[in-house]
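Please have the sequence and the structure open beside you.

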Amino acid sequence: MAFELPALPYSYNALARAGMCQETLELHHDKHHQAYVTALNGFVEAKPELQGKSLDEIILAVKGDAAQAPVFNNAGQHWNHILFWQNLSATGGAIPTALEEKIVSDFGSVDTFKAEFKKAATSQFGSGWAWLVLDPSGKLAVTKTANGSNPLAEGQGKVLLGLDVWEHAYYLDFRNRRPDYVTNYLDKLANYEFAEAQLKSA
Ligand code: MN3
């Protein structure tokens with residue numbers, strides 16, 4: 001069973017007013033994400049040991065194996081983008097009560113959480129991701145990973161939010177201004193209701 005590109009959970013122009021234009025979503029979803037899925041399916045077809053495994057199982061099976069890095073990168077990016085599309089909302093930015101209480105309890109304040117997330121997202125050198133996770137001890141934490149890696153591969157806990165900081169994610173909308181892209185995400189695009197649902201299902 002081949003892996004498939006999931007449809008966006010909103011229209012291509014749904015996020016334009018919140019800072020992510022139609023062309024960004026068309027290229028990012030239809031070209032970049034599709035390319036990861038196509039490459040991953042090619043590897044699975046060629047490697048019997050990967051066949052029948054779930055996406056999570058593939059990521060965990062090949063992580064840390066230099067010879068399998070192309071498999072890891074494409075599987076990781078498929079996993080990351082499935083999460084990412086659910087992380088965005090045309091009416092994002094509002095933090096529901098249970099999540100806000102947990103953020104205040106674990107970071108001290110919403111502003112501190114946002115400052116830590118922004119620091120992680122802007123200090124990730126080159127391509128990668130910033131994350132809000134529920135760490136293995138049950139506390140919220142901000143992390144970052146390089147390229148196609150993610151908290152699943154690195155044992156950082158359950159993901160509540162993940163922000164793509166590859167240039168393809170923001171260059172059309174924000175040019176070289178990654179900090180502005182991150183701030184806009186936290187204040188206008190982030191789907192904190194999805195994050196709260198992840199927290200409650202943990
Ligand atoms: Mn991307």
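## Before we start

A residue counts as buried when its relative accessible area is under 20%. Please keep in mind that this is a predicted model.

## A stacked pair across the chain

One is formed by F117 and Y185, whose ring centres are 6.1 Å apart. Their planes meet at 25°, and planes under 30 degrees apart count as stacked, so this pair is stacked.

The two partners come from distant parts of the chain, 68 residues apart. F117 belongs to helix α5 (residues 110-123), while Y185 belongs to helix α8 (residues 178-189). Are these residues buried or exposed? F117 has a relative accessible area of 0%, so it is buried. Y185 has a relative accessibility of 1%, so Y185 is buried too.

## An aromatic cluster

Elsewhere, you can pick out one aromatic cluster made up of W79, F84, W85, W129 and W131.

## A closer look at N74

N74 sits in helix α3 (residues 69-86). Its relative accessibility is 14%, which is under the 20% cut-off, so N74 counts as buried.

What does the side chain of N74 have beside one of its polar atoms? The backbone oxygen of P70 lies 2.9 Å from that polar atom. Setting aside neighbours within four places in sequence, N74 is in contact with A35, Y36, A39, L40 and F43.

Definitions and conventions:
Residues are numbered from 1 along each chain as its sequence is written. This is a predicted model: local features need pLDDT of at least 70, side-chain atom pairs count only at pLDDT 80 or more; totals for chains, interfaces and linings use all residues. Side-chain values use heavy atoms; hydrogens and water are left out. Rings of Phe, Tyr and Trp (its six-membered ring) pair if their centres lie within 6.5 Å; planes under 30 degrees apart count as stacked, over 60 as edge-to-face and the rest as tilted. Helices (H or I, at least four residues) and strands (E, at least two) are DSSP runs, numbered from the N terminus. Buried means under 20% relative accessible area, exposed over 50%, partly exposed in between (1.4 Å probe, protein chains only). A polar contact is a pair of N or O atoms within 3.5 Å; within protein, one must be able to donate a hydrogen and the other to accept it, and residues adjacent in sequence count only if both atoms are side-chain atoms. Contact means heavy atoms within 4.5 Å.
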